[in-house]
Amino acid sequence: MLEDLKWFSVLIPFVWLSCNNKPTDERIPEVTEAFKQLDLPQVNADSAFEFVRKQVDFGPRVPGTAAHAACASWIEGKMQSYQLETMIQHGMVTTYDGKQFDLKNIISTYRPELKRRILLCAHWDTRPFADRDDDNSDKTFDGANDGASGVAVLIEVARLIGQTKPEIGVDFIFFDLEDYGDAQGQTENSWCLGAQYWAKNKHVAGYNPIYGILLDMVGGHNPVFPKEGTSMKYASGIVNKVWSLARNLGYTMFINNISPETTDDHLYINTIAGIPCIDIVHYNLTKMDYMDCHHRHCDDLTNIDPLTLKIAGHVLMEVIHQEAVKG
Ligand SMILES: [Zn+2]
């Protein structure tokens, strides 16, 4: 993914101001009695971590490789094992450097008959180059946080809703080819090819969830999740609702400051599909950068904190069940 550098000039003074002001009077979502009485099973940090390890064990999930194909089959099988209808959406796409791939978006559906639905998504491919490293920058990396963490949290949530059985539809989309973009910014729309394909074609006619939540880099140490700029531009109400809920749970790493606009899968879900979608993504406002190992070889299993995976999963479970209670 890429951040929009145009934001830098306007963002810095804004961040400074934000740091010096108390959070404003955000509307805290009302917690109903029925919701309070829910006794949700715990998100299991070890289970989520094992889902990261499994993906990393395949090797980098670079499009066109055996590891990529094997991981797709594993994700599909895992979701089917939780009794979720699962399909693979194929589509031919061309990358900025002229390579053609048959992309695989993996899509699972919980309670397809329900009209009221939430979309949860993450990308499952690995960037082919660690191009932010000085050494071996033409070689790929494990993508433990960048890619595998979001997938792992979604699989853990799929496992849990099989037990909690919320009365709301949930769709899981694992997008392919998010991370094969042009870091030099010379090519328009070179990132998020899987999400762009899905946003144009969908997987079912008339698909209309109430909103979507994208996870990216949700497994790092010392996470910070500012309100992400693109999400605030298109879906600020959803951001504020989810951040308030997370902070009510005690997860203060969901900070109220706003980070630069990010080009991630949710951009195209908002702009092409017209579905409000937010991004929960680790971003360090002091360094004005994503997590430290972004597109570097150090994005391996040691870069993962199971507790961060658990926090992301817990927030999603609470969102799902709060929406189910409302419906
Ligand atoms: Zn990336």
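In the predicted model, Gly169, Asp171, Ile173 and Phe175 point one way from strand 5, whereas Val170, Phe172 and Phe174 point the other way, and all of these residues are buried. This pattern can be set beside the general rule that side chains in a regular strand alternate between the two faces of the sheet. Because seven of the seven residues of strand 5, which spans residues 169-175, are buried, the strand is largely enclosed by the rest of the structure.

The surroundings of strand 5 can be described through its pairing partners. On the one hand, strand 3 (residues 100-110) runs antiparallel to strand 5 and is joined to it by five bridges, and within this pairing Ser108 has Phe172 as its bridge partner. On the other hand, strand 4 pairs with strand 5 in the parallel sense, over seven bridges; here Arg117 stands opposite Gly169, and Ile118 has Val170 of strand 5 as its bridge partner. These strands belong to an open sheet of six strands, whose order is 2-3-5-4-6-10 and whose pairing is mixed. The edges of this sheet are formed by strand 2 (85-94) and strand 10 (277-281), each of which pairs on one side only, and from one strand to the next the twist averages 20 degrees.

Two helices were examined in relation to this sheet. Helix 5 packs on the sheet, where it touches strand 3, strand 4, strand 5 and strand 6 (211-216), and its direction makes about 145 degrees with that of strand 4. Together with strand 4 and strand 5, helix 5 makes a right-handed β-α-β unit. Helix 6 (residues 193-201), in turn, lies across strand 2, strand 3, strand 4 and strand 5, and runs at about 65 degrees to strand 3. Seven of the nine residues of helix 6 are buried, and the helix is therefore largely enclosed by the rest of the structure. The buried residues in question are Leu193, Gly194, Ala195, Gln196, Tyr197, Trp198 and Ala199, and what covers them includes strand 2, strand 3, strand 4 and strand 5 as well as helix 8 (265-271). After helix 6 the chain continues with Lys202, a residue whose phi is positive, near 55 degrees.

Arg127 lies in the loop between strand 4 (117-123) and helix 5 (144-164), and because 26 C-beta neighbours are found inside 10 Å, against the 20 or more that the criterion requires, Arg127 counts as buried. When neighbours within four places in sequence are left aside, Arg127 is in contact with Thr140, Gly143, Asp146, Asp179, Tyr180 and His295. Of these residues, Thr140 is 13 residues from Arg127 along the chain, and the C-alpha atoms of the two are separated by 6.5 Å.

A parallel pairing is also found between strand 7 (residues 225-228) and strand 8 (residues 254-259), which are linked over three bridges, with Ile258 of strand 8 as the bridge partner of Lys227.

Packing between helices is illustrated by helix 3 (residues 45-58) and helix 4 (residues 66-81), whose axes are 8 Å apart and which pack at an angle of about 150 degrees. As angles over 145 degrees are counted in this class, helix 3 and helix 4 are therefore roughly antiparallel to each other. Where the two helices meet, Lys54, Gln55 and Phe58 of helix 3 face Ala67, Ala70, Cys71 and Trp74 of helix 4. By class, this contact comprises five nonpolar residues, one polar residue and one charged residue.

With regard to the protein as a whole, the model contains nine helices and twelve strands, and buried residues make up 49% of its 327 residues. Among the contacts between residues at least 6 apart in sequence, 82% join residues that are at least 24 apart.

Technical notes:
Residues numbered from 1 in each chain as written. Predicted model: local features only at pLDDT ≥ 70, side-chain atom pairs only at ≥ 80, totals over all residues. Helix = DSSP H or I, 4+ residues; strand = E, 2+ residues; numbered from the N terminus. Buried ≥ 20, exposed ≤ 12 C-beta atoms within 10 Å, placed from the backbone. Contact = placed C-beta atoms within 7 Å. Pairing = 2+ DSSP bridges. Right-handed = clockwise from strand over helix to strand, strands pointing away. Axes fitted to C-alpha atoms, helices over the stretch in contact; angles between N-to-C directions. Parallel < 35°, antiparallel > 145°, perpendicular 65-115°, else oblique. Nonpolar A, V, L, I, M, F, W, Y, C, P; charged D, E, K, R; others polar.
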